[in-house]
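The sequence and the structure are shown first, and the description follows.

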Amino acid sequence: MMLLMNSRPPSEDASWDLVFQALAHESRRRMLDILKDRPGLTVGALAGAFDVSRIAVMKHLAVLEEAGLVVSQKDGRARRLYFNPMPIQLVYDRWTDQYSAYWSGQVADIKRRAEARAREQKKAEKDKRQ
């Protein structure tokens with residue numbers, strides 16, 4: 001009997017791998033930071049922020065685009081670049097959703113208890129005044 005370690009389809013694993021590989025390089029993370037702060041930046045302007053050839057920047061961009069972290073749009077002869085945070089959000093959601101639900105419930109419980117205590121104190125103060 002074969003034990004399945006992963007119930008997700010292989011294609012989903014491959015897309016996770018692309019995201020992590022893209023984020024693994026410091027220059028690509030810096031490119032994402034720049035594009036986050038300056039959406040619609042041209043390839044040439046982005047390349048100007050690095051001390052490497054334009055070809056090297058284009059290779060990094062290809063990795064980021066393949067992972068879905070960057071989308072580009074033609075604007076005449078220029079190509080405008082935009083950061084797409086969704087792959088990172090999906091990574092975040094994959095490992096934190098269960099914890100978020102737990103802590104959301106804990107915060108709601110704390111709120112409920114605090115409000116009940118405040119009502120009790122208010123009632124006690126009212127009873128004292130009477």
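D109 and R113 lie four residues apart in helix α5, and are therefore separated by about one helical turn. Helices (H or I, at least four residues) and strands (E, at least two) are DSSP runs, numbered from the N terminus. The two side chains form a salt bridge, with 3.2 Å between the closest N and O atoms of D109 and R113; the term denotes a side-chain nitrogen of Lys or Arg within 4 Å of a carboxyl oxygen of Asp or Glu. D109 is partly exposed, because its relative accessible area is 21%, whereas R113 is exposed at 59%. Salt bridges with shared partners join D109, R112 and R113 into one network. For these classes, buried means under 20% relative accessible area, exposed over 50%, and partly exposed in between (1.4 Å probe, protein chains only).

The model is a predicted one, in which local features need pLDDT of at least 70 and side-chain atom pairs count only at pLDDT 80 or more, while totals for chains, interfaces and linings use all residues. Residues are numbered from 1 along each chain as its sequence is written, and side-chain values use heavy atoms, with hydrogens and water left out.

**Salt bridges**

Side chains of opposite charge can pair when their charged atoms come close. The whole structure contains six salt bridges, including the three tabulated here.

| Salt bridge | Closest N and O atoms |
|---|---|
| K36 and D37 | 3.4 Å |
| R79 and E65 | 3.4 Å |
| D109 and R113 | 3.2 Å |

R79 pairs with E65 in a salt bridge. This pair links distant parts of the chain, with R79 in strand β3 and E65 in helix α4, 14 residues apart. R79 counts as partly exposed because its relative accessibility is 23%, and E65, with a relative accessible area of 25%, is partly exposed. D37, the partner of K36, counts as exposed at 57% relative accessibility.

**The sheet**

Strands of a sheet pair through backbone hydrogen bonds, either parallel or antiparallel. Here three strands form an open sheet in the order β1-β3-β2, with antiparallel pairing. Strands β1 and β2 stand at the edges with a single partner strand each, so one side of each has no neighbour in the sheet. Two strands are taken to pair if DSSP finds at least two bridges between them.

Strand β2 (residues 70-75) is joined to strand β3 (residues 78-83) by six bridges. Within this pairing, V70 has F83 as its bridge partner in β3, and K74 stands opposite R79. The two strands form a hairpin with two residues between them, and G76 in the turn has a positive phi of about 70°. Strand β1 (residues 41-42) pairs with β3 over two bridges, also in the antiparallel sense; L41 has L81 as its bridge partner in β3.

**Helices across the sheet**

Helix α2 (residues 26-37) lies across β1, β2 and β3 and runs at about 95° to β3. Helix α4 (residues 54-66) lies across β2 and β3, at about 115° to β2. The axes behind these angles are lines fitted to C-alpha atoms, for helices over the stretch in contact, and angles run from 0 to 180 degrees between N-to-C directions.

**Surface patch**

Which residues form a nonpolar patch on the surface? They are Y99, Y102 and W103, with about 390 Å² of accessible area together. Patches are made of residues with over 30% relative accessible area and no salt bridge, like charges being joined within 9 Å and nonpolar side chains (Val, Leu, Ile, Met, Phe, Trp, Tyr) within 5 Å. Y102 belongs to helix α5 (residues 86-129) and counts as partly exposed, at 45% relative accessibility.

**The chain as a whole**

The protein chain has five helices and three strands, and from the N terminus on its elements run α-α-β-α-α-β-β-α. Of its 130 residues, 18% count as buried. The accessible surface comes to about 10000 Å², of which 56% belongs to carbon and sulfur atoms. Accessible areas come from the Shrake-Rupley method with a 1.4 Å probe, and for residues only the protein chains shown count as cover. Among contacts (heavy atoms within 4.5 Å) between residues at least 6 apart in sequence, 48% join residues at least 24 apart.
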